[in-house]
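Okay, everyone, thanks for coming. Let me put my structure up on the screen and walk you through a few bits of it.

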Amino acid sequence: MSTPTDQQNQGVWLTQEAHDRLRAELDQLVAGRPAMAAEINARREEGDLRENGGYHAAKDEQGKQEARIRQLEDLLRKARVGDAPTTATHAATGTVITIRFRGEDDTEKFLLGSREIAGTTGLQVYSPESALGSAILGAEPGTTVTYQAPNGRDITVDVVAVEPFVP
């Protein structure tokens with residue numbers, strides 16, 4: 001089992017629970033391929049393909065399923081499954097970060113990790129590849145960082161705290 005401890009680690013960090021959930025989803029999608037092919041063949045038999053809405057809907061659904069299969073295969077191939085760090089001195093994947101947006105009193109707390117973990121925690125999850133995630137990666141409490149939001153606006157945040165993720 002690997003433990004994410006620094007920002008240089010490559011791959012997507014997942015808890016064992018998230019990995020198992022994604023593996024089960026992938027297995028279910030792959031097992032459903034024959035049924036989807038049968039559905040397309042049944043719709044094809046209904047007649048003229050140019051006006052066959054059921055056929056086109058089944059083909060669209062097949063395309064979505066195949067895209068999700070490829071996404072899951074890629075994610076699981078790159079995944080580093082393991083426990084979150086037991087100590088945290090700086091923002092890294094698998095840590096819970098508390099930030100304060102400049103000019104606001106309230107803080108926001110989130111997990112820095114794969115969006116796929118979102119189903120296993122009540123915390124908001126930000127990817128390390130997101131604008132905010134990449135800006136705070138490696139930051140220690142007390143650090144101020146500025147990042148560019150998708151709308152092009154610069155946003156400044158103060159890193160208030162960094163703590164280990166406890167599932």
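First, a term: "buried" means under 20% relative accessible area, "exposed" means over 50%, and "partly exposed" is in between, with a 1.4 Å probe and protein chains only. Also, this is a predicted model, so local features need pLDDT of at least 70 and side-chain atom pairs 80 or more, while totals for chains, interfaces and linings use all residues. Residues count from 1 along each chain as its sequence is written, and side-chain values use heavy atoms, leaving out hydrogens and water.

So, Phe110 and Tyr126 are both buried. They form an edge-to-face aromatic pair, 4.5 Å centre to centre with 75° between the planes. Rings of Phe, Tyr and Trp (its six-membered ring) pair if their centres lie within 6.5 Å; under 30 degrees between planes is stacked, over 60 edge-to-face, the rest tilted.

Where do Phe110 and Tyr126 sit in the chain? Phe110 is in strand E4 (residues 107-112) and Tyr126 in strand E5 (residues 124-126), 16 residues apart. Helices (H or I, at least four residues) and strands (E, at least two) are DSSP runs, numbered from the N terminus.

E4 and E5 pair in the parallel sense over three bridges, and Leu112 stands opposite Tyr126. Strands pair if DSSP finds at least two bridges between them. On to E3 (residues 95-101): six bridges join this strand to E4, running antiparallel. Thr98 there faces Lys109 in E4. Five residues separate E3 and E4 in their hairpin, and Gly103 in the turn has a positive phi of about 90°.
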